[in-house]
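Dear colleague,

I am passing on the structure below, and my notes on what was found in it follow directly after.

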Amino acid sequence: MRLKNWLLLILTVFVIQGCVIAPAAPPQRHGPPDHAPAHGYRNMYRYSYYPDVGVYFDLDRKIYFYLDRGWRSAVVLPRALRVRLGGPVSMELDLDKPYYRYDEHRAKYPPSKKKNKRW
């Protein structure tokens with residue numbers, strides 16, 4: 001009976017230890033930690049901006065931002081926008097929502113005047 005109690009105790013300890021959840025690793029960040037002063041550092045986001053249609057593509061998060069009765073984000077663009085994208089402009093911003101500077105970008109990179117001709 002005594003051996004049976006010891007085996008039950010050991011089994012219980014192993015089961016309890018198996019239930020302990022290890023803490024998750026902190027997410028990867030760039031720049032100084034939250035408790036340290038930034039000293040001018042800002043997180044930068046990389047975008048491709050398509051002036052012909054006013055669309056942004058976030059190169060790291062792999063999402064598009066486009067106008068459709070307000071700004072929307074999507075992994076895939078609507079077909080009507082995909083066929084008219086044109087050439088991109090590369091930019092680096094300190095914003096995770098690039099459309100906050102859309103008026104500035106539209107003035108700096110106006111849509112091309114050429115029309116898409118089909119042969």
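The structure holds nine aromatic pairs, where rings of Phe, Tyr and Trp (its six-membered ring) pair if their centres lie within 6.5 Å, and planes under 30 degrees apart count as stacked, over 60 as edge-to-face and the rest as tilted. Among them is the edge-to-face pair of Tyr-47 and Tyr-56, with 6.3 Å from centre to centre and 75 degrees between the planes. Tyr-47 is buried, because its relative accessibility is 0% (buried means under 20% relative accessible area, exposed over 50%, and partly exposed in between, with a 1.4 Å probe and protein chains only). Tyr-56 also counts as buried, at 0% relative accessibility. Phe-57 and Tyr-64 form a tilted pair, with centres 4.5 Å apart and 45 degrees between the planes; Phe-57 is buried at a relative accessible area of 14%, and Tyr-64 counts as buried at 16%. Ring pairs also link Tyr-47, Tyr-49, Tyr-56, Phe-65, Trp-71, Tyr-99, Tyr-100, Tyr-102 and Tyr-109 into a cluster.

Please keep in mind that this is a predicted model, in which local features need pLDDT of at least 70 and side-chain atom pairs count only at pLDDT 80 or more, while totals for chains, interfaces and linings use all residues. Residues are numbered from 1 along each chain as its sequence is written, and side-chain values use heavy atoms, with hydrogens and water left out.

As for the fold, the protein chain has three helices and five strands, taken as DSSP runs numbered from the N terminus (helices are H or I with at least four residues, strands E with at least two), and along the sequence their order is α-β-β-β-β-α-β-α. Of the 119 residues in the protein chain, 23% are buried. Where contacts (heavy atoms within 4.5 Å) join residues at least 6 apart in sequence, 52% of them join residues at least 24 apart.

Trp-6, Leu-9, Ile-10, Val-13 and Phe-14 make a nonpolar surface patch of about 530 Å². Patches are made of residues with over 30% relative accessible area and no salt bridge, joining like charges within 9 Å and nonpolar side chains (Val, Leu, Ile, Met, Phe, Trp, Tyr) within 5 Å; a salt bridge is a side-chain nitrogen of Lys or Arg within 4 Å of a carboxyl oxygen of Asp or Glu. Leu-9 lies in helix α1, residues 2-18, and is partly exposed at a relative accessible area of 45%.

Best regards

Methods
Accessible areas come from the Shrake-Rupley method with a 1.4 Å probe; for residues, only the protein chains shown count as cover.
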